[in-house]
Amino acid sequence: MKLRFLGKNSTPGDSPTLYASDQDSYVVQGWKVLANDLLMQLDIPAGHTVVEVPTELFEHLTKDGLLSGEIKKFEAPIVLVTEQGTCIVQGPEMRDGEALSQMRLPDYEDCIEVPMSSIKALLEENSGPDHQRPA
């Protein structure tokens, strides 16, 4: 799998990163979720994992030709929004050796692959009356 770097939200020591793949998916690199109180709220299927990223990471989607990277719907693959406003994103664990060789992945980070369509759906306005950002 070939990756195209879209952007990262870096502070010293942190580097959530967003990539587009050549297989109609996005690869989301973020912090491993280790907090038991967060993990207990999630149902993570075998072969999947979750990563924590700042919401602003998705602003880099504009570099993939999208008009906006503003998340309008907080639903799968976003499974939780933390009190700090970061997103917990779930997807299959990245196992593609070619893709992993293109990334710098420190021990405290992991990455997942999610379909482009599921990320693009998060950017669409929801016209329903019950649209609310999870607490």
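Modeller: A residue is called buried when its relative accessible area is under 20%, exposed when over 50%, and partly exposed in between, with a 1.4 Å probe and protein chains only. By that rule, buried residues make up 47% of the 135 residues in the chain. This is a predicted model, in which local features need pLDDT of at least 70 and side-chain atom pairs count only at pLDDT 80 or more, while totals for chains, interfaces and linings use all residues. Residues are numbered from 1 along each chain as its sequence is written, and side-chain values use heavy atoms, with hydrogens and water left out.

The chain has three helices and seven strands, taken as DSSP runs numbered from the N terminus (helices: H or I, at least four residues; strands: E, at least two). Along the sequence they follow the pattern β-β-β-α-β-β-β-α-β-α.

Now the salt bridges. The term means a side-chain nitrogen of Lys or Arg within 4 Å of a carboxyl oxygen of Asp or Glu. The structure holds four of them, including one between Glu 98 and Lys 2, whose closest N and O atoms are 2.9 Å apart. This pair links distant parts of the chain: Glu 98 belongs to helix H2 (residues 97-100), Lys 2 to the segment before strand E1 (3-8), and 96 residues separate them. Glu 98 counts as partly exposed because its relative accessibility is 37%, and Lys 2 counts as exposed because its value is 51%.

Another salt bridge joins Glu 93 and Arg 95, at 2.7 Å from N to O. Here Glu 93 has 26% relative accessibility, so it counts as partly exposed; Arg 95, at 63%, is exposed.

Lys 73 and Glu 75 also form a salt bridge, with 3.8 Å between the closest N and O atoms. Lys 73 is buried, because its relative accessible area is 12%, whereas Glu 75, at 36% relative accessibility, is partly exposed.

Gln 29 sits in strand E3 (residues 25-32) and is buried, because its relative accessibility is 1%. A polar atom of the Gln 29 side chain also lies 2.9 Å from the backbone oxygen of Arg 104.

Technical notes: Polar contact = N/O pair within 3.5 Å; in protein donor to acceptor, adjacent residues only side chain to side chain.
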